[in-house]
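User: I would like a close look at a single part of this model. Please keep it brisk.

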Amino acid sequence: MWAWLALLECLACIMLELAEAAHAVQIATLHAYAFLHGWSADDFLKHIENAMDDVLVWAENGEVFGFVVMRTQDDQAEVLTIVVSATRQNKGLGAKILNEGERYVARRGADIVFLDVAADTPAAVKLYQKTGYQRCGTRRGYYRREKGRVDAFLFSKHI
Ligand SMILES: CC(C)(COP(=O)(O)OP(=O)(O)OC[C@H]1O[C@@H](n2cnc3c(N)ncnc32)[C@H](O)[C@@H]1OP(=O)(O)O)[C@@H](O)C(=O)NCCC(=O)NCCS
């Protein structure tokens with residue numbers, strides 16, 4: 001009995017939801033931890049308010065532990081960025097957030113999703129491979145690093 005109640009309580013406080021303006025600062029903070037060139041809270045606010053974009057957050061009791069930003073134009077969508085907090089990685093959360101993002105863009109009419117990923121981020125490459133993305137190209141030296149440049153792998157998935 002108590003186990004069921006605890007489970008229900010847990011389900012109620014863990015949510016994947018559309019981001020609101022109030023989430024922008026937390027999203028930007030997570031992004032800054034993950035990337036050398038983080039986007040600002042204002043950048044994320046623009047995505048949240050952009051009619052072409054879906055910004056989904058995984059929040060537990062108001063604290064954001066992961067998010068994805070996706071953009072749809074006509075029948076094509078793009079993953080602009082996705083991050084899971086370092087404290088929650090490797091538990092399948094990235095795949096859950098990405099799958100839900102795909103459901104949102106599919107509802108807008110997208111039937112294919114594109115993305116690019118830096119070749120030196122193996123966890124992200126693995127995430128896309130395990131969720132059904134196929135590699136469809138390479139941009140040589142696309143990303144700048146403190147020392148030198150790395151390739152971007154292009155991936156796509158029919159949804
Ligand atoms: C990419 C990211 C969103 C994945 O989130 P996540 O919640 O850990 O994702 P999942 O747990 O669903 O899957 C990650 C997979 O990568 C694997 N992985 C983790 N580190 C790895 C590494 N160094 N080499 C190879 N695979 C790795 C995990 O084992 C897991 O695969 P599995 O389910 O088969 O075991 C997260 O690592 C992150 O936020 N990274 C920093 C930001 C980033 O690079 N974003 C992507 C930009 S394109």
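How many nonpolar, polar and charged residues does the shell around the ligand have, by class?

Analyst: A note on the basis comes before the count. This is a predicted model, in which local features need pLDDT of at least 70, side-chain atom pairs count only at pLDDT 80 or more, and totals for chains, interfaces and linings use all residues. Residues are numbered from 1 along each chain as its sequence is written.

The shell around the ligand has 11 nonpolar, 5 polar and 3 charged residues. Here Ala, Val, Leu, Ile, Met, Phe, Trp, Tyr, Cys and Pro count as nonpolar; Asp, Glu, Lys and Arg count as charged; the others, Gly among them, count as polar.

In total, 19 residues surround the ligand. A residue belongs here if its C-beta atom, placed from the backbone, lies within 6 Å of the molecule. The closest are Gln89, Gly94, Pro122, Ala123 and Lys126. Helices (H or I, at least four residues) and strands (E, at least two) are DSSP runs, numbered from the N terminus. Helix α5 gives the most, with 6 residues.

Now look at α5 itself. Tyrosine 128 sits in this helix. Tyrosine 128 is buried, because 23 other C-beta atoms lie within 10 Å. The cut-offs are 20 or more such atoms for buried, 12 or fewer for exposed, and partly exposed in between, with C-beta atoms placed from the backbone. Setting aside neighbours within four places in sequence, tyrosine 128 is in contact with Leu115, Val117, Tyr133 and Phe155. Contact means that the two C-beta atoms, placed from the backbone, lie within 7 Å. Phenylalanine 155 is 27 residues from tyrosine 128 along the chain, and their C-alpha atoms are separated by 7.8 Å.

Next comes the loop between β4 and α4. Asparagine 90 lies in this loop. Its phi is positive, about 65°, although asparagine 90 is not a glycine. Asparagine 90 is exposed, with 11 other C-beta atoms within 10 Å.

Asparagine 61 lies in the loop between β2 (53-60) and β3 (63-73). Phi of asparagine 61 is near 50°, again a positive value in a residue other than glycine. Asparagine 61 is exposed, with 7 other C-beta atoms within 10 Å.
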